[in-house]
Amino acid sequence: VALGNHDHRGNVLAQIQRTKRSSRWYMPYRWYDVLLCFRANVNETPKTLHLIVLDSDPRGRHRQQQWLINTLRTVQADWRIVVNHEPLYSSAMRMRPLMTYFRRTLEPLLAQFGVHLYLNGHMHVLEVYRSLNPAMHYTGFTSGSFSDLYAIRKRQRKPGQILFAASYPGYVAHRLSRSALSSEVVGLLNKTLFRVDIGREMLNDGSHRQLTYYPDAVGNLTCPGCAPHY
């Protein structure tokens with residue numbers, strides 16, 4: 001669980017304390033990390049996933065930033081995923097100063113420490129994005145579209161970082177293996193709209209990121225403002 005702007009309008013401490021009361025809820029602090037081990041069978045060497053969850057509230061951000069640097073520097077893992085409520089890029093017709101702040105402070109760390117995925121919500125759209133800087137290897141996913149939908153910019157005004165965008169209800173599903181991570185943008189009726197396969201070894205030419213489009217599924221979107229962008 002990651003804290004966002006709406007959470008800070010209520011009782012954050014109550015959400016943290018709920019971790020001790022429910023096995024289905026885990027948020028021991030405003031920001032935290034989890035190191036997971038997995039393997040396909042007993043004969044396989046285990047792989048590790050380092051999941052880092054941030055708090056997007058500006059209060060305490062300097063302490064969080066230093067904690068993030070120390071954590072990325074000391075914890076070794078095969079895969080790294082950072083979760084934060086705020087996006088780094090978006091084609092949604094709503095802009096927030098925090099997006100610029102997190103882009104300035106987080107992107108260099110994502111590159112320096114080889115983070116594979118950046119997962120966020122906040123924008124009520126489905127989006128996949130990446131930096132145009134070849135030194136930035138991460139792939140970003142926005143999944144916040146099961147609420148009132150935001151309009152997205154027209155194709156010619158869409159930021160160049162956006163690989164896919166749709167103002168459409170859905171979610172993003174991730175599947176991790178030893179050498180690859182598969183992420184699917186899924187719409188209503190569990191139809192896959194867009195897919196990204198990411199290799200563990202990231203390359204400057206972006207070839208570690210394989211994109212798959214599903215034009216038949218996307219062509220059947222029938223909600224207002226659903227114009228998908230590639």
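Strands are DSSP runs of E of at least two residues, numbered from the N terminus. The model is predicted: local features need pLDDT of at least 70, side-chain atom pairs count only at pLDDT 80 or more, and totals for chains, interfaces and linings use all residues. Residues are numbered from 1 along each chain as its sequence is written, and side-chain values use heavy atoms, with hydrogens and water left out.

Begin by selecting L189, in the loop between β9 (180-187) and β10 (192-199). Its phi is near 60°, a positive value in a residue other than glycine. L189 counts as exposed because its relative accessibility is 76%; exposed means over 50% relative accessible area, buried under 20%, and partly exposed in between (1.4 Å probe, protein chains only).

Next, select H122, which is placed in the loop that joins β4 (117-120) and β5 (126-129). Phi is positive in this non-glycine residue too, near 70°. With a relative accessibility of 12%, H122 counts as buried.

Finally, select H208, in the loop between β10 and β11 (209-213). H208 is buried, since its relative accessible area is 5%. Display the surrounding residues: leaving aside those up to four places away in sequence, H208 touches H137, D197, I198, G199, E201, M202 and L203, where contact means heavy atoms within 4.5 Å. Among these residues, zoom in on L203. The backbone nitrogen of L203 lies 3.1 Å from a polar atom of the H208 side chain.

Key. Helices (H or I, at least four residues) and strands (E, at least two) are DSSP runs, numbered from the N terminus. A polar contact is a pair of N or O atoms within 3.5 Å; within protein, one must be able to donate a hydrogen and the other to accept it, and residues adjacent in sequence count only if both atoms are side-chain atoms.
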